[in-house]
Amino acid sequence: MKRLLSLLLSLLLLLAGCGSGSAGTGYQQISQEEAKAMMDMQEVIVLDVREQNEYDSGHIPGAVLLPVGTIDETTAADAIPAKDATVLVYCRSGNRSKTAAAALAKLGYTNLYEFGGINTWPYETEP
């Protein structure tokens with residue numbers, strides 16, 4: 001049942017991504033609700049691309065910190081070992097996450113989803 005839900009969600013995201021305005025960027029822009037559903041239903045890497053002090057002030061549970069200004073082949077490989085891993089990218093307001101998702105796409109990552117900023121995240125955070 002969980003696999004079926006995951007498959008249906010992936011199909012929905014694929015179809016939604018076609019009209020999301022992110023064509024040609026190498027990533028899909030999704031809503032925070034879609035991101036939360038993916039976190040709950042499948043294995044994902046939640047990537048926080050803010051600075052260390054921002055991350056320390058509160059982040060999504062389980063998020064991996066990779067500040068946007070530090071993204072290169074080495075730092076990306078440390079945070080995201082598999083280039084086909086499902087990666088959900090966020091920042092404070094949604095600007096840096098778009099930049100980071102595009103940079104990761106250029107490095108060859110293929111399952112990238114950008115969902116905006118933590119300042120509008122309605123779900124759980126942790127210090």
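What share of the 127 residues of the protein chain count as buried? Hello everyone, the figure is 43%, where buried means under 20% relative accessible area, exposed means over 50%, and partly exposed is in between, with a 1.4 Å probe and protein chains only.

A word on what you are looking at. This is a predicted model, so local features need pLDDT of at least 70 and side-chain atom pairs count only at pLDDT 80 or more, while totals for chains, interfaces and linings use all residues. Residues are numbered from 1 along each chain as its sequence is written, and side-chain values use heavy atoms, with hydrogens and water left out.

Let's begin with the overall layout. The protein chain has 5 helices and 5 strands; these are DSSP runs numbered from the N terminus, with helices being H or I of at least four residues and strands being E of at least two. Reading from the N terminus, the elements go α-β-α-β-α-β-α-β-α-β. Contact here means heavy atoms within 4.5 Å. Among contacts in the protein chain with a separation of 6 or more, 70% come from residues 24 or more positions apart.

Now the sheet. The 5 strands make an open sheet in the order E1-E5-E4-E2-E3, with parallel pairing. Strands E1 (28-29) and E3 (64-65) are at the edges with a single partner strand each, so one side of each has no neighbour in the sheet. Two strands pair if DSSP finds at least two bridges between them. E1 pairs with strand E5 (residues 111-117) in the parallel sense over 2 bridges, and glutamine 28 stands opposite tyrosine 113 in E5.

Over at E2, the pairing with E4 is parallel over 4 bridges, and the pairing with E3 is parallel over 2 bridges.

Helix H5 (residues 95-106) lies across E1, E2, E4 and E5, at about 145° to E4. For those angles, axes are lines fitted to C-alpha atoms, for helices over the stretch in contact, and the angles run from 0 to 180 degrees between N-to-C directions.

Let me stay with H2. Which residues of helix H2 (residues 32-41) are buried? They are Gln32, Glu34, Ala35, Met38 and Met39. These residues cover an arc of only 160° around the axis, which puts them on the same side of H2; the arc is that of the directions from the helix axis to the C-beta atoms. As a reminder, an α-helix has 3.6 residues a turn, so residues three or four places apart point the same way.

Glutamine 32 has a relative accessible area of 10% and is therefore buried. Not counting residues up to four places away in sequence, glutamine 32 touches Phe115, Gly117, Thr120, Trp121, Pro122 and Tyr123.

Some of those names bring us to the aromatics. How many aromatic pairs does a search of the whole structure find? There are 3. Rings of Phe, Tyr and Trp (its six-membered ring) pair if their centres lie within 6.5 Å; planes under 30 degrees apart count as stacked, over 60 as edge-to-face, and the rest as tilted. Phenylalanine 115 and tryptophan 121 make a tilted pair, 5.4 Å centre to centre with 50° between the planes. Tryptophan 121 and tyrosine 123 make an edge-to-face pair, at 4.9 Å and 70°. Tyr90, Phe115, Trp121 and Tyr123 form one aromatic cluster.

Tryptophan 121 counts as buried because its relative accessibility is 9%, whereas tyrosine 123, at 30%, counts as partly exposed. Lysine 36 lies over the face of tyrosine 123, 5.8 Å from the ring centre. A charge sits over a ring if NZ of Lys or CZ of Arg is within 6 Å of the ring centre and within 35 degrees of the ring normal. Lysine 83 lies over the face of tyrosine 109 too, at 5.5 Å from the ring centre.

One last stop: glutamate 54, in helix H3 (residues 52-56). Glutamate 54 counts as buried because its relative accessibility is 18%. Leaving aside neighbours within four places in sequence, glutamate 54 is in contact with Arg92 and Arg96. Glutamate 54 and arginine 92 are 38 residues apart in sequence and 8.3 Å apart in space, C-alpha to C-alpha.
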